[in-house]
Amino acid sequence: MFINKLNQLYKPKRILFYQNASDEDIHNFYRGNLNDEIGNHANAFGTYDYPGIFYISRNGNDSHIDKVIGIEYRLDDDRISYPENLKSLILDEAFFYSIEIDNEIEIDINSIHQIFEQVAKKDYAHRAFSDLSIKQNPGVIGVFPGSKKIRILYEWKLNQEWASNIINDDIESFDKKFLYEMAFLDPITKHQNWNHLLPFLEMPMIAGIKDYTFVHFDVKEFRVLNEVYGHITANKVLSNISTAMKESEYIYASARCHNDNFAMMIKDMPDDQTIEFLNDFFEKLSHIEEDPDYKIYFRCGVVPMQRAMLSGNRVADAGKLAQSLGQTSNHTDITIYTDKMHDDILWGNYIKAYLDTAIKNDEFVVYLQPKFDINQEKIKGAEALIRWNYKNKEFMPPYRFIPFFEKDGSIDKVDDIVLSKVCAALAEWNKEGRELYPISVNLSRTRMYDNNLIDYLTGIVDSYGVDHKYIDFELTESASYDDMKQIIFILNGLREKGFKISMDDFGTGYSSLSLLTQMPLDTLKIDKSFVDKVGSVDDSEKDLTVIRHIISLAKELKFVCLAEGAEQKAQVDKLRCLGCEIIQGYYYSKPIPIEEYEKKYL
């Protein structure tokens, strides 16, 4: 039988409304059948728990135990609608140990006693500010059957507590040892905490540490350990980690920082040896006694000695950054901090702070890359691309700012600039009587969860009096989206307003083919990575087959098919033979300023 040790808890003096229960009533409850006289009160205001089976000892021993089905309420509250047709009993305040077991078997009072006798042998129920122990003759035992689990609350007794001194601000009651432990030791593992490690970082020489590599790590999916195996098991994992850090000869000082986060100052070694040591360290901690098949993985950031020494007491920032980059599942990630990470942080923070000034100074410039009908050799539109004339001194390549703005959400402001400048150009060309073609603008994934987005974008376009059919919103397929219903809702809303919708970078991302039947697309853009593989002497038949079928799929779904990145005539000719209709690439034109686009194509 698997026992999930959940927690220890307190229930105040309360009133139990109940019905006497026969063995058949209890059997039916285990099978999910609860009569309405009790069941109708589940989750009612003032209830302390769900309906359950209660074993109540009237005289403090097992000679006479009442079996009832009932529900507990707060006492004497005029706001509560108490049950009217049930018996009632006042229950004294009590502490309980809570466990969870599989509902494969029905349990009785004897089996419950046996379970908790085993629990008590392994768990002393020591808490941060109180100690509990099993009550030999519990007054109340509660059993709460669920669809898959049975939760049991068994009364325990309070042996000792320190909480009252803290709650009452009784400073005089604390001795130095207690205060030291509270300040510098983790209450669960009794290992040193972050406050204890800080002096080692500030004054390492006092501990005889000349130099060190800094490590910061956490346990992946630690929440799963807590929820599935219980906090006792989870705490054991934390304690095992603490013990391993104490016993390792390579670790100078260490701490449990908070939750499942730990930090270590370790011996400086070449990177490959550091990684080998950490992999071995984590592997030895990767299993739990309760389930040998469950594997624990870690996410670890390493700050090499030189950067650790230069960072001083701020080294944890670097360690946490490197740690945060470990995003793979079912694998322990060990990421070494680099100067590039450091530079990227500084640069990202700087341009984020400078963005509004750059917008005010009109430093962002829109370029247009034409799209051509390769059968008629005629322009069919363009894509708007952002360029940053940084401080009006030099043009910055997009990779130096777009990823940073996407990460912090500032890309929304840049997208608005592009849309506004495109609309301004279209409005001017329309006023001059020039022929207009649709222009595509980026629609960043960070905006897709804004329910006001449709009206907001429509408002920008309408403020310039531009016909909606000339604006094509591009969604990047290489991005991941958590809520496809929301994405489809936004796209349908824009389509209903008369805007065009394109999927960019098709073939590189996460969307399934089935989504193509749901998304209201006008254009499917084949990613450049596919186009690069055509028109050369070593064409792969497999690559050509994939492209041919993408083009065929687009046509079958009534989408326009556009290929990005064609640079050679041979590529254009091959794409034409494969059935592609539109090309966007350097073969026809690189991205050019709006003024040049106007002169050449309008």
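Student: What makes the pairing of Asp 504 with Lys 525 a salt bridge?

Tutor: The term asks for a side-chain nitrogen of Lys or Arg within 4 Å of a carboxyl oxygen of Asp or Glu, and the side chains of Asp 504 and Lys 525 meet at 4.0 Å, N to O, so the pair is counted under that rule. This is a predicted model, in which local features need pLDDT of at least 70 and side-chain atom pairs count only at pLDDT 80 or more, while totals for chains, interfaces and linings use all residues. Residues are numbered from 1 along each chain as its sequence is written, and side-chain values use heavy atoms, with hydrogens and water left out.

Student: Which parts of the chain does the pair of Asp 504 and Lys 525 tie together?

Tutor: Asp 504 lies in strand E22 (residues 500-506) and Lys 525 in strand E23 (residues 523-526), so the pair links parts that are 21 residues apart in sequence; helices (H or I, at least four residues) and strands (E, at least two) are DSSP runs, numbered from the N terminus. Salt bridges that share partners join Asp 504 and Lys 525 with Lys 371, Glu 383, Glu 474 and Glu 564 into one network.

Student: How do you know whether Asp 504 and Lys 525 are buried or exposed?

Tutor: Buried means under 20% relative accessible area, exposed means over 50%, and partly exposed lies in between (1.4 Å probe, protein chains only). Asp 504, at 9%, therefore counts as buried, and Lys 525, at 0%, therefore counts as buried too.

Student: Why is Glu 221 classed as it is?

Tutor: The relative accessibility of Glu 221 is 49%, so this residue counts as partly exposed. The side chain of Glu 221 also meets that of Arg 223 in a salt bridge, at 4.0 Å, N to O.

Student: What makes the pair of Arg 14 and Glu 72 a link between separate parts of the sequence?

Tutor: The side chains of Arg 14 and Glu 72 meet in a salt bridge at 2.7 Å, N to O. Arg 14 belongs to strand E2 (residues 14-20) and Glu 72 to strand E4 (residues 65-74), so the pair connects parts that are 58 residues apart in sequence. Both Arg 14 and Glu 72 are buried, and the structure holds 40 salt bridges.

Student: How is Thr 458 classed, and which residues does Thr 458 touch?

Tutor: Thr 458, placed in helix H14 (residues 453-463), has a relative accessible area of 7% and is therefore buried. Leaving aside residues up to four places away in sequence, Thr 458 touches His 468, Lys 497 and Phe 499, where contact means heavy atoms within 4.5 Å.
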